[in-house]
Every structure is written in structure tokens, then in C-alpha cells.
Amino acid sequence: MTRRTDWAEHTDPPGGGHWSGGGPEGAGAEADGPWSGDQEGRGGRRRRRGGFGSHQDSGSPSSSRAENGEPPSGDPAERARGICLRLLTGTPRTRKQLADALRKRDIPDDVADEVLSRFEEVGLINDEAFADAWVESRHHGRGLARRALARELRTKGVDATLIDEAVGQLDAEQEEATARELVARKLRSTRGLDRDKRLRRLAGMLARKGYPEGMALRVVREALEQEGEDTEDLGYESL
């Protein structure tokens, strides 16, 4: 039997919509700093709440949940909604990322599935938009190639079809143009090294960012030739 939950009138996370507060790599909302509960005592001295002699049990599970912005007890669906809204404040998340977070907080799977499906219905979870934004941000910001982008999206639980569509935004020409820009920025720092070491360092940098071996070697060779290096005897084994 399907579990029915009562949804709050407002489903938007605090501070704005699903994409508010930063890019795909941003962190969620953080708890207040250690002095957020301070008060001014007599004589201008700072008095801190919850010190020795306080009746507050900071180690209890309900206290821990409260510090994380979760209701201390009650309906698990309400807890699940609170957890998801808190995690979505500041950065988008995939459905799998949220499901993993709910499982770690002992939310029953059937409750988690219902809450996450509802969040998808209202647009607070959108793995397709997440994948598109991830590719845009990580390619232009970090210079990652399609292979590296696809690997990262898989670790975040994005469906393979959505990954293919997202990385398909980058064609081979755009990918190679980015590789050339990366090599041009790094080239100066390799001057003074011997040719083979420069080749390995530059091609290795491209490889770590997911560029195919053949493209990496060709781009680096052309860059070195423009600086007057002789690359006649260089081959794939030099990588």
C-alpha cells in the first residue's frame, strides 16, 4: 500500500530554488559557528550557552539531528523532507546523492522513495539539468574532457542515457580547442626542461583531464614545434 504524506504548503528550499547558491560543486548550508550562541554577560564578559553545568545533552541523537537542521523526532517523511531541503540549499544534488544521505540517516527506503519522487515532480531534483550544468561548469572551469566528465557523473549516480546526452554537448573540435588552451597556459612553466620531459608533463596533464592519448600527443607536439622544438622522432611511446 502506498504511503501517503502531507506536504507542506511551500516546497522550495530556504534561500531560493533548486539552483540557488552556487555551482554543482558547492557545499550545502552549514551550521552556525561555535560562538553563534554567545551572549553578553555582566561587565561586558562573553557568556556561552551550554557550558559545564548545562542540562543540555549535546551527545544525544535528537541533539545531533537538531544541529543538522533536522526535526528531533516525529514523522520520518517530515525528517526526509527537511534533510533534502537542507542539502539542496546552496547546491543541486542528484537523486542518488539524496537517497544515500537519507539512508545514512535511517530513513526507511519506501519513505525516501516517495519523498524523492515528489521532489522530482516539483522540480527540486532534476538529474538531467544537473548533468548539463556539471558538464558546462567542469569543462569551462577545469578543462575536463568528455571521458572525465562522464566518469564524474557516473559516481554521482546519473543515468547513463543522461550522461551521454550531457557530454554530447561537447564535440571533438571544442574538446581539442580546450586542450590547446590548457597546453598554451602550461607551456611556459615547462621551459628549461628537456624536450621529452616537457612532452610527458604536458601530455600527462591532458591525460589526467580525460583527453584521448592520440589527441594529447598531437596537441603537445604542435605546441612544442611552434616553440622551435624538433619533434620528428617523437612517437606514442614517448607518452
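**Stop 1: helix α2**

Helices here are DSSP runs of H or I with at least four residues, strands are runs of E with at least two, and both are numbered from the N terminus.

You are looking at a predicted model, where local features need pLDDT of at least 70, side-chain atom pairs count only at pLDDT 80 or more, and totals for chains, interfaces and linings use all residues. Residues are numbered from 1 along each chain as its sequence is written, and side-chain values use heavy atoms, with hydrogens and water left out.

Is α2 enclosed or open? Of its 13 residues, 11 are buried, so α2 is largely enclosed by the rest of the structure. Buried means under 20% relative accessible area, exposed means over 50%, and partly exposed lies in between (1.4 Å probe, protein chains only). Colour the buried ones, among them Ala-77, Arg-79, Gly-82 and Leu-88.

Now check the two ends. At the start, a side-chain oxygen of Asp-75 comes within 3.2 Å of the backbone nitrogen of Ala-77. Just after the helix, Gly-90 has a positive phi of about 105°.

**Stop 2**

Which helix gives the most?

**Stop 2: Asp-106**

Go to the loop between α3 and α4 and pick Asp-106. Its phi is near 60°, a positive value in a residue other than glycine. Most residues other than glycine have a negative phi. At 65% relative accessibility, Asp-106 counts as exposed.

**Stop 3: a ring pair**

Select Phe-130 and Trp-134 in helix α5 (residues 127-142). Rings of Phe, Tyr and Trp (its six-membered ring) pair if their centres lie within 6.5 Å; planes under 30 degrees apart are stacked, over 60 edge-to-face, and the rest tilted. The count by this rule is 1 aromatic pair. Its centres are 5.7 Å apart and its planes are at 15°, so Phe-130 and Trp-134 are stacked. The two residues are 4 apart in the helix, about one helical turn. Both are buried.

**Stop 4: Leu-170**

Next, find Leu-170 in the loop between α7 (160-167) and α8 (172-187). Is Leu-170 buried or exposed? It counts as buried, at 5% relative accessibility. Which residues does Leu-170 touch? Leaving out those up to four places away in sequence, it touches Val-135, His-139, Arg-146 and Leu-149. A contact means heavy atoms within 4.5 Å.

**Stop 5: the whole chain**

Zoom out. The protein chain has 10 helices and 2 strands. Follow them from the N terminus: β-β-α-α-α-α-α-α-α-α-α-α. Of the 239 residues, 37% are buried.

Technical notes. A polar contact is a pair of N or O atoms within 3.5 Å; within protein, one must be able to donate a hydrogen and the other to accept it, and residues adjacent in sequence count only if both atoms are side-chain atoms.
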